[in-house]
Amino acid sequence: MTHQYNISGMTCSKCVAKVKSALLTTAHITEAEVQLAAPQATISMDQHISTPELQAAIAKAGNYTITAAGEDAKEADASSWWQTYKPVVLIFAYITGISLIIQAVNGHFDLQQWMQHFMAGFFITFSFFKLLDISAFADSYAMYDIVARRWRGWGILYPFLELALGIAFLIFPNAAGTNIATLLLMGISIIGVLQSVISKRSIQCACLGAVFKLPMSTVTIIEDGLMIFMSAIMLVLMLF
């Protein structure tokens, strides 16, 4: 696949050579043509590389900025989004599918039970990825969480709290305490997420621990907001 990119910051032939060298030493780039007259690069690759990854590559050569050009910009943005968030999308698809299969086996759809199973799957799965490298998660979480940045121990404890909630949703159906705990935990978590997204801070989301490099974005808000919404709905269903 071949894409065109605009490059700013180049002022001479040496800059062109530096940018080209940086691109050609990047994995999966098979060919790169860089020109100064109309500051652009035509890059061929055997596997899609996101624009942020290309930016990181040429930043090592100097103060240069690369952006997708023309129609390639739309295509690159869409492809980049999918490559970035594919792990999260697949995880949600698996959890949704499994919880719906359980309802199909039951022979009827029970909204409250489906939400319990979905939330159990969510917390257990996400805690698993965090526990793979709990120290790295704690460091990443401290970058934006309002509690973890003041007390690192909260980042160490958090995955275990998620795991406990996941198990509780499985073995204690219709437990108000579990939903209240979820509201509190996710309510605290979403504050730091909102602050980071609103301020447009370029930091890594720690929702999948240190395994996948996910940028902080509205996707993170949706994750936390969905858990808050579901736990609130279940509390309402218990009352009425």
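Is F122 buried or exposed? F122 counts as buried, because its relative accessibility is 2%. Buried here means under 20% relative accessible area, exposed means over 50%, and partly exposed lies in between, with a 1.4 Å probe and protein chains only.

Before going on, a word on the source. This is a predicted model, in which local features need pLDDT of at least 70 and side-chain atom pairs count only at pLDDT 80 or more, while totals for chains, interfaces and linings use all residues. Residues are numbered from 1 along each chain as its sequence is written, and side-chain values use heavy atoms, with hydrogens and water left out.

Now the aromatic rings. The whole structure holds 14 aromatic pairs. Rings of Phe, Tyr and Trp (its six-membered ring) pair if their centres lie within 6.5 Å; planes under 30 degrees apart are stacked, over 60 edge-to-face, and the rest tilted. One of the pairs is W114 with F118, tilted, at 5.5 Å centre to centre and 40 degrees between the planes. W114 and F118 are 4 residues apart in helix α4 (residues 111–131), so about one helical turn separates them. Both W114 and F118 are buried. F122 and F123 form an edge-to-face pair, because their planes stand at 85 degrees, with the ring centres 5.3 Å apart. F123 is buried too, with a relative accessible area of 0%. Ring pairs join F92, F109, W114, F118, F122, F123, F126 and F169 into a cluster.

E162 sits in helix α6 (residues 152–171) and is buried at 2% relative accessibility. Leaving aside residues up to four places away in sequence, E162 touches F123, F126, S127, K130 and L185. Contact means heavy atoms within 4.5 Å.

Next, the sheet. Helices (H or I, at least four residues) and strands (E, at least two) are DSSP runs, numbered from the N terminus. Two strands pair if DSSP finds at least two bridges between them. An open sheet is formed by 4 strands in the order β2-β3-β1-β4, with antiparallel pairing. Its edge strands, β2 (29–35) and β4 (65–68), each pair on one side only. Strand β1 (residues 2–8) pairs with β4 over 4 bridges, and S8 stands opposite T65 in β4.

Finally, two helices lie across these strands. Helix α1 (residues 13–24) lies across β1, β2 and β3 (40–45), at about 165 degrees to β2. Helix α2 (residues 51–59) lies across β1, β2, β3 and β4, at about 155 degrees to β4. Axes are lines fitted to C-alpha atoms, for helices over the stretch in contact, and angles run from 0 to 180 degrees between N-to-C directions.
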